[in-house]
Amino acid sequence: MWAANIYLLRLTLVLSMFLNTLTPKFYVALTGTSSLISGLILIFEWWYFRKYGTSFIEQVSVSHLRPLLGGVDSNSNRQSVSECKVWRNPLNLFRGAEYNRYTWVTGREPLTYYDMNLSAQDHQTFFTCDSDHLRPADAIMQKAWRERNPQARISAAHEALELEDCATAYILLAEEEATTIMEAERLFKQALKAGESCYRRSQQLQHHGTQYEAQHRRDTNVLVYIKRRLAMCSRKLGRTREAVKMMRDLMKEFPLLSMFNIHENLLESLLELQNYADVQAVLAKYDDISLPKSATICYTAALLKARAVSDKFSPEAASRRGLSTAEMNAVEAIHRAVEFNPHVPKYLLEMKSLILPPEHILKRGDSEAIAYAFFHLQHWKRVEGALNLLHCTWEGTFRMIPYPLEKGHLFYPYPICTETADRELLPMFHEVSVYPKKELPFFILFTAGLCSFTAMLALLTHQFPELMGVFAKAFLSTLFAPLNFIMEKVESILPSSLWHQLTRI
């Protein structure tokens, strides 16, 4: 113990001599270097937070240090991943006639690789089966759907059409090669003829074995897809009543194929016709507690209830007399819709700029909000006062659910994985909407404070070197004052002769 005390004493003496020899230039260099390093850390942390929505230092700590200290709850991670199921966008645009035209004009890619890869998987699921090798054209198309290069896919489709009328080849050309909606519609009509022929043929053979059953299932998917896209072509070309009839017929003919969500296409077309009674009838069938919800269902229901009161709604009058029953129903419907997807109002109120919707969406996420607002903003504008009512009431939802990640009001708690999935689905030039709004991570605030403090010290030391030197020495003297006090007490207790002998050791 005595040896340790002597060592500390000698270290203190050496350190005090070293500090006395330091010049003001050393303090300038020290504080300047510290400011530079902390500034670089701040820039990196801010960039990482803007891109990935989390702090790099915190993420490394969670990923590498927490397992060493106490482990992680793998069940919660698994649960969050399962919540983030990605769905096919029922109103997705045409690649050749719409997405590619955007790229030609702006030079930006509206679709991410992840989104297009999901579409490739969908195409292989819907348009291929194990018996494709029996028909040469289908065998070529099976390879074409796996191709990453668009030109290679288009060339393969032309090659398949040289052998026979192949419905899936026409589909690919209509989706990716056609540069106008009219051209896409012409190709889909050719695909319909080929698809109906294959469907009738496989329908007669479907009970002859599992191979024929799989082929009939594939031909059914192809036929439904073609008819749905033809209806969408009619809608885009202004023939809305024709589109509505085609969608109704398709839903009657194939009532079990709900995976295509054709009712959402029908709702949008009926809103365009301002046929609100039929919209209400469709909602009565699909806005059921046992069926999965979507932004289209929730916000369309809110729009219909807002339509009944929005033209005469005034926030000043409502605050004086209170809300009527109809107004209360409209506000509750808006709160329900906002709870389901809180990102939509900013797009409907044009507080955030819209981009082209992706081919896949994440329910309750920013991608679904973009897809909904892209097609339905015009319908909200058409209803007088609807956007004003939305503007006055939508933020009240958040008072009802102060902790949305832990507990919801009408729906399950808001999933924590939406931001990560939306960043994969949406292009880099779009600023992903985040809910609930994240506070800046501690390490960004810490490095910002450290950078500012050291930069200020460097500037003061450069401008007033002697004064800052006095301050630095005074600070260090105060810092080591407790140690000096202890050493003085030790000196007073020990005999001077013994102390002299120990200092010589």
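Buried means under 20% relative accessible area, exposed over 50%, and partly exposed in between, with a 1.4 Å probe and protein chains only. The views below show a predicted model, in which local features need pLDDT of at least 70, side-chain atom pairs count only at pLDDT 80 or more, and totals for chains, interfaces and linings use all residues. Residues are numbered from 1 along each chain as its sequence is written, and side-chain values use heavy atoms, with hydrogens and water left out.

**View 1. The whole protein chain.** Of the 505 residues in the protein chain, 45% are buried. The protein chain has 26 helices and two strands; these are DSSP runs numbered from the N terminus, with helices being H or I of at least four residues and strands E of at least two.

**View 2. E268 and its surroundings.** E268 belongs to helix 13, residues 262-272. With a relative accessible area of 3%, E268 is buried. Leaving out residues up to four places away in sequence, E268 touches R235, F375, H376, Q378 and H379, where contact means heavy atoms within 4.5 Å. E268 and F375 are 107 residues apart in sequence, yet their C-alpha atoms are 7.5 Å apart in space.

**View 3. The side chains of E268 and H379.** A polar contact of 3.0 Å joins the side chain of E268 to that of H379. Such a contact is a pair of N or O atoms within 3.5 Å; within protein, one must be able to donate a hydrogen and the other to accept it, and residues adjacent in sequence count only if both atoms are side-chain atoms.

**View 4. L467.** L467 is located in helix 24. Its relative accessible area is 47%, so L467 is partly exposed.
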